[in-house]
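This report describes salt bridges in a predicted model. The sequence and structure come first.

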Number of protein chains: 4
Amino acid sequence: MRAKLKNFIERSWFQNIILALVIVNSLSLGIQTFSLPADIARVMSVLDTACLAVFVVEIVLKLIAYGWRFFTDGWNIFDFLVVGVALIPNMGVFAALRIIRVLRVLRSLRALRLVSRLEKLRIIVQAILDSLPSIAWTGFLLAIIFYIFAVVGTMMFGKEFPDWFGNLWKSLYTLFQVMTMESWSMGIARPVIAAFGWAWAYFVPFILISAFVVMNVVVGVVVNTIGEVTEKSRAEVQLRKQGAPQLHEELEKLQEQLKTVQLLLDQQAKAAEKKVE
Amino acid sequence: MRAKLKNFIERSWFQNIILALVIVNSLSLGIQTFSLPADIARVMSVLDTACLAVFVVEIVLKLIAYGWRFFTDGWNIFDFLVVGVALIPNMGVFAALRIIRVLRVLRSLRALRLVSRLEKLRIIVQAILDSLPSIAWTGFLLAIIFYIFAVVGTMMFGKEFPDWFGNLWKSLYTLFQVMTMESWSMGIARPVIAAFGWAWAYFVPFILISAFVVMNVVVGVVVNTIGEVTEKSRAEVQLRKQGAPQLHEELEKLQEQLKTVQLLLDQQAKAAEKKVE
Amino acid sequence: MRAKLKNFIERSWFQNIILALVIVNSLSLGIQTFSLPADIARVMSVLDTACLAVFVVEIVLKLIAYGWRFFTDGWNIFDFLVVGVALIPNMGVFAALRIIRVLRVLRSLRALRLVSRLEKLRIIVQAILDSLPSIAWTGFLLAIIFYIFAVVGTMMFGKEFPDWFGNLWKSLYTLFQVMTMESWSMGIARPVIAAFGWAWAYFVPFILISAFVVMNVVVGVVVNTIGEVTEKSRAEVQLRKQGAPQLHEELEKLQEQLKTVQLLLDQQAKAAEKKVE
Amino acid sequence: MRAKLKNFIERSWFQNIILALVIVNSLSLGIQTFSLPADIARVMSVLDTACLAVFVVEIVLKLIAYGWRFFTDGWNIFDFLVVGVALIPNMGVFAALRIIRVLRVLRSLRALRLVSRLEKLRIIVQAILDSLPSIAWTGFLLAIIFYIFAVVGTMMFGKEFPDWFGNLWKSLYTLFQVMTMESWSMGIARPVIAAFGWAWAYFVPFILISAFVVMNVVVGVVVNTIGEVTEKSRAEVQLRKQGAPQLHEELEKLQEQLKTVQLLLDQQAKAAEKKVE
C-alpha cells in the first residue's frame, strides 16, 4: 500500500503536474496584485484555492507514504511550512482579525516551491546555505562592531537626532544604511557633523571597518569556492590518472620486465647450481 | 562567380574600407546629436545615407557569396539586423507615424558594427555571452526572489505608496533600485517604515538576500574564469611535457637499458641451454 | 604562589565566568541606551560597576600571575586598555568636566572583550590585521592621491563651496564621500560643474583612479588569501604524499627487485670467476 | 667629469635629501591652503621656491650626467614634467593672465614626486599601469556602449531634460553617474520615466550591461594577477625541484644500478664468449 503510494508520488508525470501547478499558482498570485474585473478575480481566487487543495493533498499523500521520514528532508519541511502558512488565511478563523492582510501575503511564499521543485535551484540554494557557516563568525564579528557603534551612536546623537539614533534599533538600522553607503554622508553624516564636529571620527572608521569586514566575507567565499572547485577538479584528475595512467603504465611495464629478468636470472641460477652439482 | 565574390569580400582592403566607414558613420551619428548649421546637417545626412547604402550593398554581396550559409554565423545575423533596422526609417513608409523618432534612434545601433568588425571585441563579447549560461540559473533564482518580494510589496504598500509599489511592474523597478542600493533607505525604506513599522523586515532581508545572490554570481564568474584559464595553462603544461618530457625520457632510457639486459639474458639462457644439451 | 594563581586563572570555569560577565555587561550597556524606570536603571548601573570590578580584579590577578610578561601578548594589552578606559569615568575625577559623556561612551568598548575572549574571533581579527601590511603601501599611494586632489580642490573650489572644500580637512572628507560614490554627482559634482565647467575633469578622474586603486587593494587581498590557502593545501598534499606515496612505493619495489637482480648477478659473476680460476 | 657627477647624484645621502625636500614641499603645499598670517605665508612661499630651485638643479645635474639617456626612463620624464609644470607660474610671464590660478594648482603635482622617489610606490604604480593594456579592449567596448547610449539618450531625452541629456557630453557624464549608481533612479531615471514611460528599458539594461562589463574588468584583473602570482610560485617550485629532486634522485640511482647491471652482464657475456672460444 505505502510502496504503491510512494511509486505513484515519485512518477515523473505526477511531479511535472505539481511543478506546472506551482508555476500557474505563482503567476496567479502576481495577476491578483492588479485590480481585476470581478469575474476574473473570482476565477483567480478559485484557481488559487484549487492549487492549494492539490498541494495539501500532495503533502498528505507524502506524509502517508513516507511517514515520519518525511521530515528528515529539509526541502519537505520547507514545502510543509510554505503550504501550511498558505493554509492559515483560508481557514477563516482569523478573518475578523487585522492580521489577515499579513497572513494573505504569506501565500506568495508558495512561489518559493519552484525552488524546492527544480533540481538546479535546489543545488544553488544548497551551495549558498553551505557557504553560510564559513561566514558565521565574521558575521558575528560584524554584529559586535554594529552593536558597539549603535550603543555609542545612541548615547551620543540620540537626543539631537531621534529619527536616526533615537534608540538602539534605530541606530542599528541607520548603521546598516551607512554600511550600504546609501546617503551616508549627505543624508546622515554631514548633519551630524554640523552638530558634533568630531562625528567624522565615528562615521569614517565605521565605513572603513565594515567595508573591510564585508570584503573579508567576500574574499572568504571566493577562496572557499575556488578551494572546493579545485578539490573537485583534483579528484577528477586523480580519477583520469587511474583511468589512463601513462606513468603508471610505464612503471608497470618496467616491473613486468624486471619480473621477467628475475625469472630468467632464477633459471640461470638454478642451471648453475645443477652444473655445480 | 560565387568564389570570386567571396574572394573579393574577404580581401583585407575591402574589410578595412568597411571598418573605416563604420567608424565614420558612428562619428557622424554623434555629430548629428548637436544642433548643426543647415548645410553641415545636410552633408551629415548624405554621409549617413551613403554609408548605409554601402552597408546594404556589402550585405547583399555577402548574401550572394555565401547563400544561406550567411545566417549560420551569429555575427552575420547581427550585422543583418542592425543594418536592416537602420533601413526602416529611410524607407519613408513610417514618415507619417510618430514612431519615427524611436526608429531613427535605432540607427545608432549601427555603431555596434564596430564590435562585429574588430576581432578583439568579438572575443570579449563572446566570452561575456559564454559566461551567461553559467549565470542563468542563479539569475532565475534572483527572478523568483524579485517576484515574491514584488508581489508582497504590491499587496502591502501598494495603496499607500502608489508611485513605488502601485503595481507589479512598479514594485519590480523599485526593488531593482533597492538592489542597486540607490536611495534605498532615505528615498524608499524610511518613508515606508514611517507608515509600516515592520517594513524594515521587508527591505533589510531583501538587500541581504539579493546582495548575497549577486555576490554568488560574481564569485561564480571569477571561479569559472579561473577554471578556464588554469585548464588552458594545464593543457599547455601537458603539451610542453609531451614536447620535452624529462621524466619520460629517463623512463624510456631505463626501458631501453632493460631491453638490452633482457636480450643479453636471453642469449645467456640460450647459450646455457645449448651447453646443457 | 604565582604558579597557583596562574593555574586558577587558566581554569576553564574561571574563563567561562569571565566570558559570561562580558556578555552580561555588553547586554547591560545596550539596555542602558533605552530610557529605563529609575529602579531598573539603578540595577543596571550596579551590574555595570560589579562587572567592571570583576574585570579589574581579573586583570590585577593576571598582572600578579604573569608579571611583566602580561604585556607581551597584544590581547592582554587590549584588555588592559579597554578596562582601564572604562575605569576613568567611574573615578569621579572628571565628573565636573563636560568630557564625561565622551568618556562614558568609551565604556561600550568593553563589549570588544568578546573578541579577545573568543578564539574564533581572535583568529579572524588576527587575519585581518595580518593582511594590513600588504595593503599599507597601496593605502599610502591612495593617501598621496587624496592629498593632491584635496589641495587642488581646496585651492580651486574653496571660496565658492566652503562647506565641501573650505579647507584641507573638509576637502579630504568630501573626497572620501566621493570615493564611496555617495551623492558624488547630484550632491557635489553637478553644483561644482555648474560653477566651474571643467570640474568634471576633477571628479571623473578622481573616481576612476580611486576605484582602480581600491580594486587593486581588493585584488591584492584575494590573491594573498588564495596564495596562503594553496600554500597550506600544498603542504598537506606533501604530507599525504610522504604518508602513502604510491609512486615512491612502486619505485622502492623496483629498487628492491633490482637489488635482488644485482645480488644474483654478483653471485653468478663470482661463480664464473671461480670457474675461470 | 660626467662619471663623478653620476656618482654624486646616485649617492644615498643626496637621494635622501631630495626625498626629504619632496616631503617638506608636499606638506608646505597643504599648509598654504589654509589662510595663514602674512609672515608665515611669506616663509612658506620662500620654502616653496627654494625647494623648486633644488629640484631644478637636481634635474639639470641629471641631464648633464646622463645626457639624452635621461629621457629613456619613464620616471625621469615624469619628474621633468612635474618640475617643469611647477616652473611655469613662477616665471611671471602668465601673471597677467587669468590662467594663473589653474597653473599654480599644478604645483601640487610636485607631491607626486613622492611616488617616483619611493621604490615600493613605483612598483605598485608600475603594476597598475601594467594591468591597463589587458583592460584596454574591455574599456573600448565600454566606450562604444557609452557612446551608443549617449547618442540615443541625447536624441530621445535631450529636449525634455537639457541638464542631463542636453548634448553628447552631458549624456556621457550622466551615463557615467548612472554607471556608478549614484542617484540613478530617484535623481535621473524616475523623472525621465515619468515623461517617457518606456525609459526604464533604457536605464535598466544600461546598468546591467555596464555592471557586467565592469565585473568582467575586475574578474580579468583578478585572474591576471592570480596567473602572474602562480606563474612565479610555479617557477619557484621548479627551482626547488632542481635543488632537491627526490624523484629524480631515485631515478638516477636506478639508472646507475642498471648501468652496473649491464656492466656485469657484459662481463658475463664476454666471459661466456671466452669459454665458448
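## A pair within one helix

In chain A, helix 3 (residues 38-66) holds both A:Lys62 and A:Glu58, which are four residues apart, about one turn of the helix. Their side chains form a salt bridge, with an N to O distance of 3.7 Å.

Buried means under 20% relative accessible area. A:Lys62 has a relative accessibility of 11% and so counts as buried. A:Glu58 is buried as well, because its relative accessible area is 2%.

## A pair between two helices

A second salt bridge in chain A joins A:Arg113 to A:Asp79, with 3.0 Å between the closest N and O atoms. This pair links distant parts of the chain: A:Arg113 lies in helix 6 (residues 113-117) and A:Asp79 in helix 4 (residues 74-87), 34 residues apart. A:Arg113 has a relative accessible area of 0% and is therefore buried. A:Asp79, at 4% relative accessibility, also counts as buried.

## The pair in chain C

C:Arg113 and C:Asp79 form a salt bridge too, their closest N and O atoms being 3.0 Å apart. Here the link runs from helix 6 (residues 113-117) of chain C, which contains C:Arg113, to helix 4 (residues 74-87) of chain C, which contains C:Asp79; the two are 34 residues apart. Both C:Arg113 and C:Asp79 are buried.

## Network and total

The chain A residues described above belong to a network of salt bridges that links A:Glu58, A:Lys62, A:Asp79, A:Arg113 and A:Arg117. Over all chains, a search of the whole structure finds 17 salt bridges.

Technical notes. Residues numbered from 1 in each chain as written. Chains lettered and ligands numbered in written order. Predicted model: local features only at pLDDT ≥ 70, side-chain atom pairs only at ≥ 80, totals over all residues. Heavy atoms only, no water. Salt bridge = Lys/Arg side-chain N within 4 Å of Asp/Glu carboxyl O. Buried < 20%, exposed > 50% of the residue type's maximum accessible area, 1.4 Å probe, protein only.
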